[in-house]
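Good morning, colleagues. I would ask you to bring up the sequence and the structure together, and I shall then go through the domains and the ligand.

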Amino acid sequence: MTRHHPGTAAVATGNKYEIIGADVPDETLFKGDLLVASLSELPRSVNPIYYYDDTGSLLFERLCNEETYYLFRTERGILAEYAKTIAGITGPVSLIELGSGNAEKTTLLIDAYAGSHGLTSYAAVDINRSILERAAENILSVSSDLNFLGIVGTYQTGLAEIKSLVGPKLLFCLGSTIGNMHDDELDNLLLSARSALAPGDYFLVGIDLDKETKILEAAYNNQTAILTNLCVLEHLNWRFGADFDLFQFRHVAFHNKSLYRMESHLEAMQDQVININKLEFSFQIKKGELIRTEIMRKVEINAFSEMLGGYGFRQVEYWTDPGKRYAVILFKLRES
Ligand SMILES: C[S@@+](CC[C@H](N)C(=O)[O-])C[C@H]1O[C@@H](n2cnc3c(N)ncnc32)[C@H](O)[C@@H]1O
């Protein structure tokens, strides 16, 4: 993989390890005006990006180990079994991951590609700087010869960076992260992905499948899921000088069957006024009112692939676990 320009800023450099974008001001990634708009509109909501400060990123790692949170284990099982097959289908490519987190499962892909094709480079995009350092550690522990490029940024800013990478690519997004996006965000992501890739490039998506309410609701109502959700308010408190009292909200997560998704919310336990000092914004919230913090799409494979087909991505193959809980789907960008 050749990069045509040096990127925005390197906070850690060496032969193998570079993180760029770390000097991008936080305000351009965590936009206060959008937060104010989403908290002003009814029903109120907060973008799921606010799950991922340093505390939230650690909590997500803990969530992945919760007994009822089958997503992580299941996707890891699929990758353990099929990573070599995926590498065989795509042939040698540069690997680029959106929302890498700690890249623990990615090590399976790295191993397979390094074994099959002598992989030399991997780029990871994530909004959280410290998790990219952990991703680098995990990746370099399985493939010390690899060039690791971490890109601190949003999916959009990260995709703009990878446009300058040349050669065949496999772009991928694991952890059902794509399922957290609303229609307009998903539309933006898929359009940007299409324009960052060339015809013949691959796009690999790990996505959770629709299933019984009992299994879904157990996955998102364990102790770590509750804590993670409340910590969104703590994130808003430190970043924007807000005065949310975490004891005045409770976690609510339920299966919205008709919309094929789980939803996480925070419910106000009493009437209260919230001040977000750095944004000079206050609002009143009534007892019982919900702030939606995240959606988690639960898809059906054919419908999902058909939707991506509308953006020029043709399904090549998919793999599931024996219980058909989760799918890893490989797409190829069509010639236009
Ligand atoms: C659900 S976690 C998945 C992590 C990892 N891919 C996995 O499967 O375990 C989503 C990851 O995406 C990152 N993220 C969330 N919103 C983002 C955004 N808008 N732009 C870039 N990264 C984002 C988070 O920091 C987090 O690491």
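The centres of domain 1 and domain 2, taken over C-alpha atoms, are 27 Å apart. Domain 1 comprises 2-26 + 70-209 + 300-333, and domain 2 comprises 31-57 + 212-297; these bounds come from an automatic or database domain assignment. The model is predicted: local features need pLDDT of at least 70, side-chain atom pairs count only at pLDDT 80 or more, and totals for chains, interfaces and linings use all residues. Residues are numbered from 1 along each chain as its sequence is written, and side-chain values use heavy atoms, with hydrogens and water left out.

Let me turn to the interface. In domain 1, 19 residues are in contact with 18 residues of domain 2, contact meaning heavy atoms within 4.5 Å. The buried area between the two domains is about 1500 Å², and carbon and sulfur atoms give 47% of that; buried area is the accessible area (1.4 Å probe) that two parts lose on being put together, summed over both. Two salt bridges are counted between domain 1 and domain 2, a salt bridge being a side-chain nitrogen of Lys or Arg within 4 Å of a carboxyl oxygen of Asp or Glu. R297 and D183 form a salt bridge, with their closest N and O atoms 2.8 Å apart.

Now the ligand. Which residues come nearest to the ligand? Of the 16 residues around the ligand, they are G99, K105, D126, Y155 and G175, where near means a heavy atom within 4 Å. A polar side-chain atom of D126 is 2.5 Å from a ligand oxygen. Taken alone, the ligand exposes 590 Å², and the protein buries 93% of that, by the Shrake-Rupley method with a 1.4 Å probe.

Note on methods
Polar contact = N/O pair within 3.5 Å; in protein donor to acceptor, adjacent residues only side chain to side chain.
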